[in-house]
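Visitor: I would like a close look at a single part of this model. Please pick one stretch and follow it through its surroundings.

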Amino acid sequence: MRILCCVKRVPAPGAKINVTDDGMAVDAAHLGFTTSPHEECAVEGAVQLVEQHGGEVTVLTLGSGEASEQLRYAVSVGAAHGVLVDVGSSDWDPQRTAAALTEAIVALEQEQPFDLILFGNESADSGGFQVGIRVARALGRPVVQGIKGIEVSGDGSAAGTVTARREIDGGFEVYELPRPCVLGVKEGLNLPRYPTMKGRLASKKVEIPEVATSAVAGGQQRVKLHRPEETVSETVILGHGPEAAPAVVDVLAELGVL
Amino acid sequence: MLLVILDHQGDALTEAGREALTFGRTLAGRMGVDVEAAVIGSDASALISEAGQYGAATVHTATHELLTDYGPDAHSSVVEQMIRELEPDAVLACGTERGNEVMAHVAARLDAPFVANCVDVTPGDSWTMTRVQWGGSLLEDCALDADVALLTCGLHAVVAEPGDGQEPDAESFDVALTDADLVTLVRQRVVMEAGVTLPTAPVVCGGGRGVGSAEGFSQLEELATLLGGRVGCSRAVTNLGWRPHSDQVGQTGTRIAPEIYIASGISGAIQHWVGAMASKHILAINTDAEANMVVKADWAVIGDLHEVIPAIIAEVSARRGS
């Protein structure tokens, strides 16, 4: 199976995000960076499929030269190749991002198409919820979002299907897509592995080719980023330790949930 | 005209559908136009009436033998056909998994921009909107240049409230679907649990790393069951394998909106907070009085959750018994 994962370098989730003085970007000065969480699971899912069915995983990103760090990380956990669309440090709008990725994928597929392309459901930072869908439609392939389970029929090559599970409130929906297809996956698909020593060595040696793009700006443009107003709430301390239980239950009774 | 795509379950609007109409009423007021609504896969009169109560002047219903269950291609095809025929100035859905998915497909079909998870929208010659980034811990103001504004409002960005409540005009919309629209229809629907679920639970008992182990959640389970609620947890807990990912509350998990969220042993990292912040009330139980969750809560108990929760369970049982 030839599988492509599209990933994004983002500040590590959990950190407090500050904005630059001009409001146009996240202040990266004191931030650690990582692969967007859904996409870390996409890479793990792709590596697991290749372990079952054979083949190889390619990882593609659009970003600054520093994003090659996330491509190397993917190689350290089992991907074979990493490809960078270097667009400098500015954030591109969703239409432009999708157009550039589509262009890169068409170039990578000159000899053979990918059987499966995985995106994260949405990026942890900009959260546009659309790049994977735009790419899939541009390539003329079916796509489903919110996927937390993937099964591949046959040996994974050429014709066949992909069965994908999407979690919904109280259960899941099952989709069956013909290959080649595209999935937007979510954290919970798996628990990503840690790099091995062998993987780390491979990631240092791997060459990261760069591809150029001619994509132009779309119709949504950033004016500025800002932090939401913090609602300051006065916390009422109901007590310390188990003695606080009656006061807690008074609150539950007051709210009508007892 | 503003066209609002309604999320519904059977013959009733979902809370997300009501939120979209509530958000849409404000937006249509600013645009100086009527709210019209679209219901895909049902023409039930109860649904049409409810859409009217929440402000829709006209409800367009699209029914088809292949629209009885969800499919992103089929649903987005219907919306595209409605845009071409009804020529709305803007199309709005609620930013649920489905809402964002359908609108992204529509945008790709029209090669138009799509702005997801707006919390504020100002129409005009050039539209500007404020949208959610980082699940809500950062906001982005952006400008939109488009023939038709394609938007979703952030889930729980507004509290759903009915409007003037007039009976709307009902219009049946003829749809044409192609084979390509049918590839992504749901093949099977598997129900794992009936009854109250995490996104709709009136009480959520959340546990974090402070719970200490998978077994430690049994007390939270007991309290949640007692209160007719559900157990939730932080990302740290699912990463440790103590709970399934479906229990995760947060940016990469579920957005909850209970009457009360009881957060035990949770520090309140931003990734968790954005999933919990739509809770109407929050009670934190933590040994650390300075924890972020304690600071942001309405009420807090400072102490070991493994002592406090059994005491709450005993107190609830005692009061119900008396």
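Guide: Let's start with A:Val7, which stands opposite A:Thr61 in strand β4 of chain A. This is a predicted model, so local features need pLDDT of at least 70 and side-chain atom pairs count only at pLDDT 80 or more, while totals for chains, interfaces and linings use all residues. Residues are numbered from 1 along each chain as its sequence is written, chains are lettered from A and ligands numbered from 1 in the order written, and side-chain values use heavy atoms, without hydrogens or water.

Strand β4(A) covers residues 56-63; strands here are DSSP runs of E, at least two residues long, and helices are runs of H or I, at least four, each numbered from the N terminus. On one side, 6 bridges join β4(A) to β1(A), residues 2-7, and the two run parallel. Strands count as paired if DSSP finds at least two bridges between them. Another 6 bridges link β4(A) to β5(A), residues 81-86, again in parallel, and in that pairing A:Leu62 stands opposite A:Val85.

How many of the 8 residues of β4(A) are buried? The count is 7, so the strand is mostly covered; buried means under 20% relative accessible area, exposed over 50% and partly exposed in between (1.4 Å probe, protein chains only).

Follow the chain onward and β4(A), helix α2(A) (residues 68-76) and β5(A) make a right-handed β-α-β unit. Right-handed means that, with the strands pointing away from you, the path from the first strand over the helix to the second runs clockwise.

Now step back to the partner chain. In chain A, 78 residues are in contact (heavy atoms within 4.5 Å) with 85 residues of chain B. Together the two chains bury about 6,700 Å², with 57% of it on carbon and sulfur atoms; this is the accessible area (1.4 Å probe) that two parts lose on being put together, summed over both. A:Arg137, A:Glu187 and A:Gln220 supply 9% of the area that chain A buries against chain B, more than any other three residues.

Charged pairs join in too: the interface has 9 salt bridges, each a side-chain nitrogen of Lys or Arg within 4 Å of a carboxyl oxygen of Asp or Glu. A:Arg166 and B:Glu101 meet in a salt bridge at 2.7 Å, N to O. On the side of chain A that touches chain B, strand β9(A) (residues 171-178) gives the most, with 8 residues.
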